[in-house]
Amino acid sequence: MVKQIIPANYREALSLLNEEPYQIIAGGSDLMIQKRNIAGLPPKFEKNLLYLFNLKELKVVIKEPSQIRIGSMTSLEDLLDHPNTPPLLKQVIAEMASPALRNVATLSGNIGNASPAGDSLVALFLLDAVVVLESIGGIRRLPIEEVIVGPRKTVIRANELIREIIIPDQDFTKVQWVKVGGRKADAISKVSFAGAVNVKNQTIQDFRVALGAVYQTVIRNRTIETTVKGQTVSALKNGVKTALAKFEPLIRPIDDQRSNKDYRKQVALNMIKDFIMKI
Ligand SMILES: Cc1cc2nc3c(=O)[nH]c(=O)nc-3n(C[C@H](O)[C@H](O)[C@H](O)COP(=O)(O)OP(=O)(O)OC[C@H]3O[C@@H](n4cnc5c(N)ncnc54)[C@H](O)[C@@H]3O)c2cc1C
């Protein structure tokens with residue numbers, strides 16, 4: 001029988017994690033499915049459980065002059081309602097799961113779960129989010145790309161908690177989010193896309209693309225993005241085939257119960273093209 005611990009405060013949670021490895025539970029919306037049991041029986045957990053729902057210190061959203069800091073236990077629904085949540089992240093969250101689920105689910109759970117189809121991850125990669133990990137030993141601040149290293153794989157240590165997610169303020173002239181799922185709501189993505197661009201005097205100053213569910217992690221490639229910066233909008237549109245050819249080898253999806261790799265690849269390329277042609 002596993003122990004179930006509800007720490008009274010954040011410091012206590014870190015101390016407990018320092019003593020033994022626990023299964024950390026934020027909203028539980030991924031874990032309760034992954035650990036489900038036959039009908040009528042409680043989920044099957046191997047480790048003792050550490051619940052974070054009580055930690056008010058982690059339910060804060062702080063706006064600073066050039067960034068927003070999102071406490072790891074802020075629910076997705078609270079982020080949807082918050083005036084300082086970046087517009088792209090709001091758009092993404094609005095299409096995640098359902099309102100009931102969003103009231104418990106968190107960004108940190110989406111990060112900890114590290115699914116290639118995790119929707120908020122596409123926005124967090126695009127927005128250069130930084131994940132703040134804390135243990136009794138100290139704090140690590142890592143770009144989201146360095147936290148998620150494979151399907152269901154992160155570099156979060158057994159004694160660490162995600163404390164907060166930091167998103168720098170950014171200026172874009174156009175942002176685009178497209179999620180393809182089996183239905184309009186409560187669907188896991190078959191393919192997802194986020195793009196952002198900043199154009200001044202018809203010249204591309206910043207160009208970003210992030211794709212979900214078409215590789216082992218979210219795809220974002222800064223080398224390709226750099227080749228686009230400095231181009232005029234018309235040059236990019238005229239050379240859209242060249243841009244697509246650069247992305248094409250990176251898109252390596254799998255067949256699964258939701259979709260197949262050929263469909264996913266073609267849709268991903270269509271999404272990039274659509275974004276470029278609409279700049
Ligand atoms: C019906 C349904 C629909 C869904 N729809 C979507 C969807 O549209 N898009 C989507 O991306 N996902 C979807 N999901 C998946 C899930 O809701 C999300 O991944 C959600 O963000 C998980 O958050 P959580 O707080 O519930 O995570 P939990 O299940 O509590 O945790 C997930 C993982 O993160 C770790 N973790 C959580 N918080 C921390 C922390 N502070 N520090 C260290 N590790 C931590 C946990 O240990 C665990 O490994 C859906 C799930 C269901 C059941």
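## Close-up views of a predicted model

**View 1. Gln67 stands opposite Pro168 in β10.** A quick word before we go on: this is a predicted model, where local features need pLDDT of at least 70 and side-chain atom pairs count only at pLDDT 80 or more, while totals for chains, interfaces and linings use all residues. Residues are numbered from 1 along each chain as its sequence is written, and side-chain values use heavy atoms, with hydrogens and water left out. Helices (H or I, at least four residues) and strands (E, at least two) are DSSP runs, numbered from the N terminus. Strand β5 (residues 67–71) and strand β10 (residues 161–168) are joined by five bridges and pair in the antiparallel sense; two strands count as paired if DSSP finds at least two bridges between them.

**View 2. Step back from that pair and there's an open sheet of five strands.** Read across, the order is β4-β5-β10-β6-β7, and the pairing is antiparallel. At the edges sit β4 (61–64) and β7 (138–143), each pairing on one side only. From one strand to the next, the twist averages 20°. Helix α1 (residues 10–19) packs on this sheet and touches β6 (130–135) and β10; here contact means heavy atoms within 4.5 Å. The direction of α1 makes about 120° with that of β10. Axes are lines fitted to C-alpha atoms, for helices over the stretch in contact, and angles run from 0 to 180 degrees between N-to-C directions.

**View 3. Three strands make another open sheet, in the order β11-β12-β13.** The pairing is antiparallel here, with β11 (174–180) and β13 (203–212) as the edge strands, each paired on one side only. The twist averages 10° from one strand to the next. Strand β12 is mostly covered, with nine of its 10 residues buried; buried means under 20% relative accessible area, exposed over 50%, and partly exposed in between (1.4 Å probe, protein chains only). Seven bridges link β11 and β12, and Lys179 has Ser192 in β12 as its bridge partner.

**View 4. Now zoom in on the hairpin of β12 and β13.** Strand β12 (residues 191–200) is joined to β13 by nine bridges, and the two run antiparallel. Lys200 pairs up with Thr203 of β13 as its bridge partner. The hairpin has two residues between the strands, and Asn201 takes a positive phi near 50°.

**View 5. Gln231 sits in the loop between α9 (222–228) and α10 (233–238).** Its relative accessible area is 24%, which means Gln231 is partly exposed. Leaving aside residues up to four places away in sequence, Gln231 touches Gln202, Thr203, Ile204 and Leu236. Gln231 and Val199 are 32 residues apart in sequence, yet 9.8 Å apart in space, C-alpha to C-alpha.

**View 6. Ser234 has its place in helix α10.** With a relative accessible area of 45%, Ser234 is partly exposed. Along the sequence, Ser234 and Met277 are 43 residues apart; in space, C-alpha to C-alpha, they are 9.2 Å apart.

**View 7. Helix α11 (residues 240–247) packs against helix α12 (residues 261–277).** Their axes are 10 Å apart, at an angle of about 145°. The crossing is right-handed: a crossing is left-handed if the near helix is turned anticlockwise from the far one by less than a right angle, and right-handed if clockwise. From α11 the contact uses Val240, Ala243, Leu244 and Phe247, and from α12 it uses Leu269, Ile272, Lys273, Ile276 and Met277. Sort those residues by type and you get eight nonpolar, no polar and one charged. In this sorting Ala, Val, Leu, Ile, Met, Phe, Trp, Tyr, Cys and Pro count as nonpolar, Asp, Glu, Lys and Arg as charged, and the others, Gly among them, as polar.

**View 8. In helix α4 (residues 87–94), the buried residues include Leu88, Leu89, Val92 and Ile93.** They share one side of α4 because they cover an arc of only 130° around the axis. That arc is the one spanned by the directions from the helix axis to the C-beta atoms.

**View 9. Helix α7 (residues 119–126) is mostly covered, with eight of its eight residues buried.** Among them are Asp119, Ser120, Leu121 and Phe125. After α7 comes Asp128, which has a positive phi near 60°.
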